[in-house]
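The stops below are given in the order in which to select them.

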Amino acid sequence: MNKGLLILIIVVSILVIRFFGSTVFLWLLPVALLGVAVAFFYPIFVDEGRVPEFSELLKRIWKKFKKFESKFFKWLD
């Protein structure tokens, strides 16, 4: 993990605990761990070809959204 990112995570954690309390921090901890796991395994899955690259993934999502949007508005009319 990049040292700058680690420092940012520590600073954000301290600010969350300071302004929202430790309960919110403890609820956000599993979410953060899941994010770290995804960030760790994503490049591995991209290299194996199981998951498309992020830019391709965004293009696919945008195309599906445009198809859904046109069908939805035709349905509304």
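A salt bridge here is a side-chain nitrogen of Lys or Arg within 4 Å of a carboxyl oxygen of Asp or Glu. This is a predicted model, so local features need pLDDT of at least 70 and side-chain atom pairs count only at pLDDT 80 or more, while totals for chains, interfaces and linings use all residues. Residues are numbered from 1 along each chain as its sequence is written, and side-chain values use heavy atoms, with hydrogens and water left out.

**Stop 1: the whole chain**

Show the chain as a cartoon. It has three helices and zero strands, which gives the pattern α-α-α along the sequence. Helices (H or I, at least four residues) and strands (E, at least two) are DSSP runs, numbered from the N terminus.

The C-alpha trace spans about 50 × 35 × 20 Å along its principal axes. The radius of gyration of the chain is 19 Å, whereas a compact globule of 77 residues would have one near 11 Å. That radius is taken over C-alpha atoms, and the globule rule is 2.2 Å times the number of residues to the power 0.38.

Now switch to a surface. The chain exposes about 7,300 Å², of which carbon and sulfur atoms supply 73%. Accessible areas come from the Shrake-Rupley method with a 1.4 Å probe, and for residues only the protein chains shown count as cover. How many of the 77 residues, in percent, count as buried? The figure is 1%. Buried means under 20% relative accessible area, exposed over 50%, and partly exposed in between (1.4 Å probe, protein chains only).

**Stop 2: the nonpolar patch**

Select Ile7, Val11, Leu15, Phe19, Phe20, Val24 and Leu28, which make a nonpolar surface patch of about 680 Å². Helix 1 (3-20) and helix 2 (22-48) are the elements that give two or more residues to the patch. Which helix gives the largest share? Helix 1 does, with five residues. Patches are made of residues with over 30% relative accessible area and no salt bridge; like charges are joined within 9 Å, and nonpolar side chains (Val, Leu, Ile, Met, Phe, Trp, Tyr) within 5 Å.

Leucine 28, one of the patch residues, lies in helix 2. Its relative accessible area is 41%, so leucine 28 counts as partly exposed.

Arginine 18 lies over the face of phenylalanine 19, at 5.5 Å from the ring centre. A charge sits over a ring if NZ of Lys or CZ of Arg is within 6 Å of the ring centre and within 35 degrees of the ring normal.

**Stop 3: salt bridges in helix 3**

Two salt bridges are counted. Select glutamate 56 and lysine 59 first: their closest N and O atoms are 4.0 Å apart. These two residues are separated by about one helical turn because they are three residues apart in helix 3. Glutamate 56 is partly exposed, at 39% relative accessible area.

Then select glutamate 69 and lysine 66, whose salt bridge has its closest N and O atoms 3.3 Å apart. Both residues lie in helix 3, again three residues apart, about one turn of the helix. Glutamate 69 is partly exposed at 24% relative accessibility, and lysine 66 is partly exposed at 39%.

**Stop 4: the aromatic cluster**

Select Phe68, Phe72, Phe73 and Trp75, which form one aromatic cluster. The structure holds six aromatic pairs. In phenylalanine 68 and phenylalanine 72 the rings are stacked, 5.9 Å centre to centre with 20 degrees between the planes. Rings of Phe, Tyr and Trp (its six-membered ring) pair if their centres lie within 6.5 Å; planes under 30 degrees apart count as stacked, over 60 as edge-to-face and the rest as tilted.

Phenylalanine 68 and phenylalanine 72 are four residues apart in helix 3, about one turn of the helix. Is phenylalanine 68 buried or exposed? Phenylalanine 68 is exposed, at 52% relative accessible area. Phenylalanine 72 is partly exposed at 36%.

Phenylalanine 72 also pairs with tryptophan 75; this pair is tilted, at 6.0 Å centre to centre and 35 degrees between the planes. Tryptophan 75 is exposed, at 67% relative accessibility.

Finish on phenylalanine 73, in helix 3 (residues 54-76). Phenylalanine 73 is partly exposed at 44% relative accessibility.
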